Amino acid sequence: MRAASLSQTVRKPAVVSRTGIVAAQHRGAAEIGAHVLEAGGDAVDAAVATSFALGVLEPWMSGPAGGGLMMIWRAEEEKAYAVEYGMRSPAALDPADYPLAPAGRASDLFPWKAVVGDRNVEGATAVAVPGTVDGVGLAHERFGRMPWRELLQPAAGLAREGFELDWYAALMIASATRSLARDPDAAALFLEDGRWPPVAAASDGPPKRIRNAAMAATIDRLAEKGHREFHEGELAEALASDVRSKGGSLSFDDLRAYRATLSPVARVPYRNGGFYPAPGLTAGPTLAAVFRSLAGRTGFPRAGLGPEGYAAYADAIGDAYLERLATMGDRDAPHSPSCTTHFSVVDRRGNMVAMTQTLLSVFGARVVSPTTGLLLNNGIMWFDPEPGHPNSLAPGKRCLMNVCPMIGEVGDGRFAIGASGGRRILPAIAQIASFLMDHGMSLEEAFHQPRIDVSGGPAPVADDSLPADTLTALAASHGATTARRSVYPLAFACPVGVMRRDGINLAATEVMSPWADAVAERAGTRSPEEERP
């Protein structure tokens, strides 16, 4: 018997403005990015400020001790760039330290064979070399207009003030209480009496806050010393020492040797536009394979978004995933919770950023570095602990990620989108981009259009708000099951995007997310009703 209402409808209108917009999975972070744009900052400046703010406001999703990828569009150059800052396994990591258990599967995202004590999932032994700080620092060096110090100050202030513990934050902490309680520093930061999940304050009382003075000091030091302090300075030494003291293999040399990369991205033509997929060990190459398949399918997209259209998505995405599983080794469980966030930026000059950053699992390794106040990633879990596979665990190796930020073009419009949600990211981005490029939808329409998830599971999962004939056809042809698009747990990815057309900027975020929102510079904002013909 279902408990959820079948009659409830939720709408979230797109934000429309002649000035810049930041769309993020936390409204407070988007506001900080929008303030940067108001002060004359570039889209990359706004991205730096938003990245650090998100690490404070939703620390279970991302933070300075994680990794990811940023796609950048430079309007004046008419050129796209990728900044890759994925995590790596430490050089001193020994695969023998991760012995396989006699039976069973891993307890978290990936259905690898289980490791004794879940050493690749939780604790300091699961920590990989982080790259987020070097990635945003590299982007700022190349494209930033505002001083680095000014961009980090808001996040430091937020860490000192503390984020408000509302119902959603309390839910997220409660979902990981047992794991957080195993690390004294994580327990002290997030739990009541180091044991119990905190409860949001009553509506008529003052809000509870989770403050992180150590993280505030870390961000202050990065603001003063520059981004390489995270990899080469006293901060790096302290971080490595904390991880080592808890049994991990991350070293100061690992941090010092880490370098994010910035490179141009080639345009892939498609229909009356094209797109720039994320390169390297991401879902970008798989996204390109999806669109190659769609381009070659007879009758698509003329059949529209009925049974034939969604069957085409199921086939194209399913085939692309088979290729990914065979060649890249990404065999994670498609509907496990993941710890990732995405935001997109467009400034008034038309520059864009689509940035995804992650700690991998919810709360990462569930370990806090006491000196820095940072939640640590569990990037080692990205590797298959069984030897002889494409993504098997080894020292000094790059992690294979599911992130899929992209820049796309349709006619005279351009968009920058991405999502969180593990393997559900790729199907969401492929379909939203197709809604825009193949079916001529507005950004708002594309974000409200029901989707299917095809990410390597036994059968597609279809949004149960799709028409009955489409659901029936998908069940018959592909064995599809149905799920409700809800706040928690998430059956589908959580997308965020911006678009620019004829000098007008638009932004949209996941309809069901209680925190995600788009914020425009205060000057020039107009309601969606004013923009519609």
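This is a predicted model: local features need pLDDT of at least 70, side-chain atom pairs count only at pLDDT 80 or more; totals for chains, interfaces and linings use all residues.
Me: How do β21 and β22 pair, parallel or antiparallel?

Reply: First the general idea. Strands (E, at least two residues) and helices (H or I, at least four) are DSSP runs, numbered from the N terminus. Two strands pair if DSSP finds at least two bridges between them. Here, β21 and β22 are antiparallel, with six bridges.

Me: Which residue takes a positive phi in the hairpin of β21 and β22?

Reply: Asp502 does, with phi near 55 degrees. The hairpin has two residues between its strands. Asp502 lies in the loop between β21 and β22 (504-509).

Me: Is Asp502 buried or exposed?

Reply: Start with the cut-offs. Buried means under 20% relative accessible area, exposed over 50%, and partly exposed in between (1.4 Å probe, protein chains only). Asp502 has a relative accessible area of 60%, so it is exposed.

Me: How many of the six residues of β22 are buried?

Reply: Five of the six are. β22 is therefore largely enclosed by the rest of the structure.

Me: Which strand do three bridges join to β22?

Reply: Strand β1 (residues 15-17), and the two run antiparallel.

Me: Where is Arg271, and what is its phi?

Reply: Look in the loop between β10 (268-270) and β11 (273-276). Arg271 is not a glycine, yet its phi is positive, about 50 degrees. Its relative accessibility is 38%, so Arg271 counts as partly exposed.

Me: What kind of peptide bond joins Phe300 and Pro301?

Reply: Read omega for this one. The bond between Phe300 and Pro301 is cis, with omega about 10 degrees. Pro301 sits in the loop between α12 (284-295) and α13 (307-327).

Me: What is omega for the bond that joins Tyr488 and Pro489?

Reply: About -5 degrees, in a cis peptide bond. To find Pro489, go to the loop between β20 (481-483) and β21 (494-501).

Notes. Residues are numbered from 1 along each chain as its sequence is written. Side-chain values use heavy atoms; hydrogens and water are left out.
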